[in-house]
Structures are given as C-alpha cells and as structure tokens.
Amino acid sequence: MAGAQIDLAELLRALDPQAPLPERNLWLARLLAWVRGDAGDPEAAVARVRALLDAAEVRPEWLANWRRWWQAFLTSMDATPLLADLGFAPRASLPSEAAHRLRRKLLPVAPDTTNLGELFTLLLPTEFDARWLRALDEPTLRRLRAVLFPPTTDAHGPDYALRTLLDATAFAVSQISAVGQSADIRTRMSSEERYQRAFPELPMVFETVRQAALASGRQGAPALIAIARLREQLELCRSAASTVYAHLQEHGISVHIEFQLRQLRQRIVRVKALLLCLETDAPAQATAQLLSHLVRVSRDSASLRALLASSTELLASRVTERNAETGEHYIARSPREYAQLLGAAAGGGAVLAFTTWTKLMLGALALSAFWGGFAAGANYALSFVVIMLLHWTVATKQPAMTAPAMAARLKDMSAARPPEGARTEAREGEGVSGYSPGAVADFVDEVTYLLRSQFVSIVGNVGLVVPVVLLLSALLGLAGWDGVMTPAKAEGILAHHHLLGPTALFAAATGVLLFLSSLIAGWVENWFVFQRLDAVIAYHPRVTRRLGAGRARRWAAYWRGHVSGWAANVSLGLMLGLVPPVLGFFGIPFEVRHVTLVAGQLAATAHELGTGVLHRPEWWWAVGGMAACGLLNVAVSFTLAFRLALAAQNVRGVSRRRVYAALGRRLLRQPLAFVLPVAPRHR
C-alpha cells in the first residue's frame with residue numbers, strides 16, 4: 001500500500017484546475033486507473049477509494065483545489081450524452097451503428113472532448129470498473145458524496161444533478177416518442193394501441209414530471225406522483241411496441257424495424273433507470289449503480305458481433321422456422337414414406353446423372369474461369385429446379401432443412417420438463433428422468449427417422465446416378481462423342497478425389513454452401529412476404545390485365561408457397577458454379593465436392609478406364625473420398641443449421657448426456673432402425 005500511497009500523493013499534487021481541458025481529462029483517467037489497480041479484486045479498488053478519501057480529508061488545501069477542479073469539470077462537460085445516448089445508435093439505422101462501432105474499435109478516444117459520453121470509455125474502459133463501482137458500500141458512498149461530490153447549486157435554480165437528470169430524461173423520452181410515431185412502427189401497431197396514443201402523449205406526461213420536480217423538488221409528493229404516471233406511460237409504450245412483433249411475424253421481418261424496436265425497448269429501460277436516480281432518497285447508491293450499468297452498456301455497445309446477432313434475431317428465427325416446416329417433408333416416419341423418399345431420391349439421382357455429363361461437356365469447352373463457372377452454376381441450378389418441379393429430392397439439401405426441425409423437437413422437449421422436484425420416468429429407460437414421460441424417447445425416435453431418411457436419400461441419389469451415368473456414357477460412345485471423357489481426364493478425376501487429398505476440405509466447404517442456400521431461401525421468402533409481392537401479383541391492375549384475375553391469384557399463391565424453393569435451388573446452383581472461380585481469383589483453391597456429382601464422375605471414369613480400374617488402389621481411394629464427401633456434406637450443413645436453429649429458437653436446458661445415452665441404447669437395441677423402416681421399440 002505504501003507504493004500506492006506514493007503514487008496517490010503524486011496524483012494529488014498534479015491536480016490543476018487551470019490546466020487545459022485534455023490535461024484535466026487525462027488526470028481524471030489516471031486517477032481512476034490508480035483506483036482500478038491491477039483489476040483483480042473489487043474490494044481492493046474500494047479500499048483505494050477509501051484511501052483517496054483519507055488523503056483528501058487531511059489535505060484541506062487540496063480539497064479546496066479539488067472543488068475548483070470539479071466545478072470546472074462540470075462547467076465544461078456535457079453529461080446528457082452519457083446518460084441519454086450511451087449505447088444507442090446515433091441514427092436509428094443498423095448500417096450506421098455498425099460503422100460507428102467499427103470506428104470506435106479502430107480509432108482511440110480523444111481526451112480533448114466536452115462530451116462525457118465519449119470520455120466515459122476512456123475513464124472507465126473495462127468490465128472490472130462495473131464490478132468495483134457495484135462493490136462500493138453505503139458508508140463509502142456517503143463519504144464520497146460528503147467529501148468530494150457535495151450537491152452543487154447556483155443562483156438560477158436547481159442543483160446540477162437534477163438539471164442533468166431532467167435534460168437526459170427529456171432527450172430519451174423525445175427519442176422514444178419519435179421512434180414510436182415513425183411510419184415504420186406506427187403503421188404496424190395494433191389498431192387498439194394506436195388508439196391509445198401512448199407515444200404522442202409521452203412528452204406531455206414527462207413535462208408534468210419536469211414541472212413538479214422543479215417546483216416541489218424531486219422528493220416532493222407532486223414529483224413522485226408524476227414519476228409514477230410516467231412509468232405507467234412508458235409501460236403503455238412498451239406494450240404498444242410489442243404488438244409490432246406480431247405484425248412482423250405475419251407479414252415478414254425487417255432487420256431495420258427490429259433494430260429500431262430493440263433500441264426503443266432499451267431507451268425505455270434507460271429512462272426507468274434515470275427515474276430511479278431522480279426519485280431515490282439514496283442518490284449516491286443510485287448513481288454508483290447507474291454508472292456500473294453504463295460501463296456494461298458501453299462494453300456491450302462496442303461489439304459488432306453482438307449487434308448483428310441481436311438485430312437479426314427475429315429474421316434468423318423466421319428463417320429457421322420456415323426451414324423447419326420444409327424439413328418435416330424430408331423425414332420419413334413410416335415404411336410408406338420411406339419408399340416414397342427412396343423413389344424421390346432415385347429420381348433426383350437420375351437428373352443429376354445428366355448434370356454430371358453436362359458438366360463434363362462444359363469442361364471440354366475450355367471456357368474462361370468466370371464463364372465456365374457461370375455455365376456450371378446454370379447447369380446445377382437448372383438441374384435442381386427440375387428436381388424440385390418433379391417433386392424429387394437431392395440428399396445433401398436435406399440437412400439444412402431437417403436440422404431446424406430437430407431443434408424444434410429439442411425446444412419442445414425442453415419446454416416439456418416438469419417443475420423442479422417432480423420425478424418422471426421416460427420410456428427410454430433409466431438415466432433420462434427429469435423430462436415429461438416419453439420426451440427423450442420421442443426425440444430419439446425423431447433422430448432415428450432423420451438418420452434413416454438421410455441414408456435412404458443418399459442411397460437413392462447415388463444408387464441411380466451411377467447406372468444412368470454408365471448408360472449415358474455408353475450411348476455417347478456409340479454416338480462417337482469420345483472426346484468428352486479421355487483416359488487422361490479419367491486419371492485426373494481419380495487423383496483429384498483421392499481421400500488423402502484436399503477432398504475432405506472441399507466437401508466441408510461444399511457443406512457450408514448447402515447451408516448458405518437454406519439461409520438465402522429463408523431470406524428471399526421473408527423479403528417476398530415483407531414486400532407483399534403476392535398481393536402485387538394478385539391485384540395490381542397491370543398484372544391482372546396481362547394474366548387475368550384468376551391466373552394472377554393462382555400465380556400469387558404459387559410464388560408465396562414456392563419462392564423459397566426456387567431461391568434455394570437457384571442460389572445453390574450458382575454458388576456451386578461461381579464460388580470456385582471467384583475464390584480462385586484471390587488465389588484460394590476450391591472445387592465443388594458434392595457426393596452425388598462425385599459418384600457420377602467416378603462412374604464415368606470407370607466406364608472410360610474399364611473394369612480393370614476396380615483392381616487399382618487409386619479407385620478405392622477415390623471411392624473413400626466419395627464416402628467422405630457424403631459424410632461431410634451432410635454433417636457440416638446439418639451442424640451449421642442446427643446451431644443456428646438452437647440459437648434462434650433459444651433452446652436451453654436440454655441434458656445432452658441423457659440424450660446421448662438414450663441414443664446409444666437405441667443403437668445397441670435396434671441398429672437396423674437407423675437405416676431401415678423398422679418400427680422403434682421403446683422397451
């Protein structure tokens with residue numbers, strides 16, 4: 001403590017009320033850094049605050065100098081931005097807030113400022129500051145208020161703290177009222193809430209608080225009654241804003257509107273915190289708690305990742321819900337559905353056989369990188385669209401859709417947990433109690449259905465792409481098209497798909513593209529609904545004149561139900577074709593590794609090289625690479641979609657150990673149920 005006392009003495013001697021503004025601000029930053037210490041123990045920081053008070057009390061000359069310094073600080077500094085603006089976007093726009101946070105990360109804070117909101121991040125920059133501020137005990141806070149921060153008054157009216165609180169609250173209230181009355185928010189509220197006029201009347205209710213506080217003081221009965229009325233009005237505003245979410249869920253999500261709503265809710269919380277400081281009979285404690293809260297807000301408001309996550313929460317939820325609805329169609333729960341899925345996958349494999357040979361032909365044209373990628377992407381997209389229109393399926397597209405459906409099952413299982421202390425017995429056996437009866441067993445059933453559905457889809461795709469490619473190869477050979485597949489090219493395909501080469505990495509990256517296509521599909525479907533394009537197609541005079549009223553309504557219904565499918569298939573095809581040349585432009589090697597297309601290429605290779613290739617190690621290494629492609633395509637796509645769905649649907653409280661144990665028991669008892677349409681046995 002002796003070394004710290006020496007440092008404190010030096011700091012106290014350096015106090016200069018006449019110093020320039022930057023030096024005064026930097027002195028305060030150094031003093032708070034001394035209080036912070038090694039940022040390890042909040043109690044040690046509180047002890048340093050007491051040491052500062054001890055030193056001030058025995059130095060009356062310094063204390064007089066400090067009060068002059070403090071008066072100069074209050075005179076030059078604007079505290080309203082700290083109390084009303086810290087943590088909020090300068091403009092109600094997600095891009096502008098993202099740019100603002102990026103600037104804060106890249107550019108240091110200038111101490112030459114009269115904006116206390118900007119200076120705050122220099123004075124209290126760490127999360128530890130929030131901890132030691134919250135650890136300040138009541139006697140220490142009373143001493144701080146008495147020794148260093150006595151109430152300041154002037155000849156023109158109320159004290160500085162009251163004026164600052166009222167000004168900050170007025171600004172925050174005006175922002176809440178403005179956002180609530182904006183066209184984006186107002187037109188999406190329920191008609192009942194618009195009739196209540198919560199936002200237009202909010203500034204008038206606050207003006208009552210201001211007048212009462214100035215006339216009778218913050219502790220006067222009129223002020224306390226007015227503050228209670230303002231709290232009620234803020235609650236009405238919060239309730240009115242919450243009705244916008246119902247409109248967004250029904251008519252499409254807007255990230256911009258979601259960002260505005262989040263900012264509005266946070267401003268309401270801020271106003272309530274300011275009102276607590278305004279009406280409290282313990283201002284020192286309230287101020288310390290508010291500063292601690294502002295430190296955390298300052299830290300949170302610097303995160304770009306948190307901004308994007310919070311502002312896209314509703315959109316992510318809508319995308320995953322939409323994908324979950326689609327994913328239900330890809331899960332076969334009965335032998336009949338299993339057979340139907342096998343037939344749909346076989347049809348998809350047949351189409352992809354033509355896709356494989358078309359890709360080989362395009363490669364023989366030796367187009368430039370971009371146009372070759374575009375032609376390949378168009379080939380993929382056309383094939384995927386044809387498969388969709390024929391109601392067939394591509395196995396590797398399923399995981400991104402079925403993962404949200406699995407997350408929804410987990411959410412249902414988590415929600416079905418009984419109250420604490422209740423004991424239940426699940427059907428799957430011991431070790432999974434804690435959930436409602438059968439909850440874990442039902443989820444294991446769904447996992448079983450999913451895995452065998454994925455298995456039969458891959459079998460259907462690969463099982464038909466191989467013979468159809470062989471048939472096409474034979475027909476093209478009879479037609480004299482021998483130049484498309486040459487022995488050299490066949491050897492190159494074997495080498496490129498070797499299991500120990502980059503095939504696994506490329507297959508995982510292809511899984512990422514499969515996942516991204518599902519996100520694009522959900523986003524496009526949401527955009528279509530938000531822009532009300534179905535109503536435009538159904539009722540716009542120009543459209544109905546061309547199509548007729550009946551056909552226009554049918555088209556509107558079709559695109560409302562199928563726009564996500566078109567978006568998923570077209571986007572996936574174009575990404576598979578264009579991403580490799582785009583990455584290649586930047587020197588990043590990447591090739592598409594899609595299990596069904598790889599199987600088709602290997603079939604064409606086998607036809608070209610003859611049956612003797614089956615005795616070569618290179619062939620079986622390539623077959624191993626194909627198996628790795630199938631595994632990684634599915635696993636990566638499913639994992640990314642599943643994690644997004646868990647976050648978007650806020651799934652918590654599920655015991656992974658118990659679920660894994662139940663899955664292990666099912667695998668031991670019924671291994672065939674994971675690949676064949678065998679009815680599950682729970683006992």
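Leaving aside its neighbours within four places in sequence, with which residues is S254 in contact?

## A buried loop residue

S254 is found in the loop that joins helix 14 to helix 15. Once neighbours within four places in sequence are set aside, S254 is in contact with L248 and F530. The relative accessible area of S254 is 11%, and S254 is therefore classed as buried, the cut-off being under 20%. This and every other description below refers to a predicted model.

## Confidence and overall composition

The mean pLDDT of the protein chain is 85, and 90% of the residues reach 70 or more. Two stretches fall below 50. One comprises residues 1–6, for which the model has three contacts beyond four places in sequence. The other comprises residues 153–157, which have two contacts in the model beyond near neighbours in sequence. Where pLDDT is low, the predicted coordinates should not be read in detail.

The protein chain contains 30 helices and zero strands. It has 683 residues, of which 47% count as buried. Among contacts in the chain with a separation of 6 or more, 82% are between residues 24 or more positions apart.

## Nonpolar cores

The largest nonpolar core has 93 residues. Within this core, the residues with the most contacts are W27, W62, W66, F73, W132 and L148. Helix 14, which covers residues 221–251, supplies the largest share of the core, 10 residues. In soluble globular proteins, nonpolar side chains tend to be buried together.

Leaving aside neighbours within four places in sequence, W62 is in contact with L12, L15, W27, A56 and L148.

## Helix 14 and helix 15

Two packed helices are described by the angle between their axes and the distance between the axes. Helix 14 packs with helix 15 (residues 255–279) at an angle of about 165°, and the axes are 11 Å apart. Because of this angle, helix 14 is roughly antiparallel to helix 15. The crossing of helix 14 past helix 15 is left-handed.

On the side of helix 14, the residues that meet helix 15 include L224, I227, L230, R231, L234 and E235. Further along helix 14, C237, R238, A241, V244, Y245 and L248 also take part. Their counterparts in helix 15 include I257, L261, R262, L264, R265 and I268, together with V271, K272, L275, L276, L278 and E279.

## Helix 8 and its partners

Helix 8 (residues 127–135) has five named buried positions: F128, D129, A130, W132 and L133. The buried residues of this helix pack against helix 2 (21–36), helix 3 (42–57) and helix 16 (283–300). W132 is also one of the residues with the most contacts inside the largest nonpolar core.

The axes of helix 3 and helix 8 come within 8 Å and cross at roughly 65°, and helix 3 passes helix 8 in a right-handed crossing. At this crossing, P42, E43, A45, V46 and V49 of helix 3 meet F128, R131, W132 and A135 of helix 8.

## K359 in helix 19

K359 lies in helix 19, which covers residues 335–364. With a relative accessible area of 30%, K359 is partly exposed. Its contacts, leaving aside neighbours within four places in sequence, are with N379, Y380 and Q601. K359 and A375 are 16 residues apart in sequence, and their C-alpha atoms are 8.6 Å apart in space.

## Loop residues with positive phi

H391 has a phi near 60°, a positive value in a residue other than glycine. H391 is located in the loop between helix 20 (369–389) and helix 21 (398–415). Its relative accessible area is 64%, so H391 is exposed.

R532, which is not a glycine, also has a positive phi, of about 60°. The loop that holds R532 runs between helix 24 (503–530) and helix 25 (533–539). R532 is exposed, with a relative accessible area of 55%.

Definitions and conventions. Residues are numbered from 1 along each chain as its sequence is written. This is a predicted model: local features need pLDDT of at least 70, side-chain atom pairs count only at pLDDT 80 or more; totals for chains, interfaces and linings use all residues. Side-chain values use heavy atoms; hydrogens and water are left out. pLDDT is the predictor's confidence in each residue, from 0 to 100. Contact means heavy atoms within 4.5 Å. A nonpolar core is a set of buried Ala, Val, Leu, Ile, Met, Phe, Trp, Tyr and Cys residues joined through side-chain atoms within 4.5 Å. Buried means under 20% relative accessible area, exposed over 50%, partly exposed in between (1.4 Å probe, protein chains only). Helices (H or I, at least four residues) and strands (E, at least two) are DSSP runs, numbered from the N terminus. Axes are lines fitted to C-alpha atoms, for helices over the stretch in contact, and angles run from 0 to 180 degrees between N-to-C directions. Angles under 35 degrees count as roughly parallel, over 145 as roughly antiparallel, 65 to 115 as roughly perpendicular and the rest as oblique. A crossing is left-handed if the near helix is turned anticlockwise from the far one by less than a right angle, and right-handed if clockwise.
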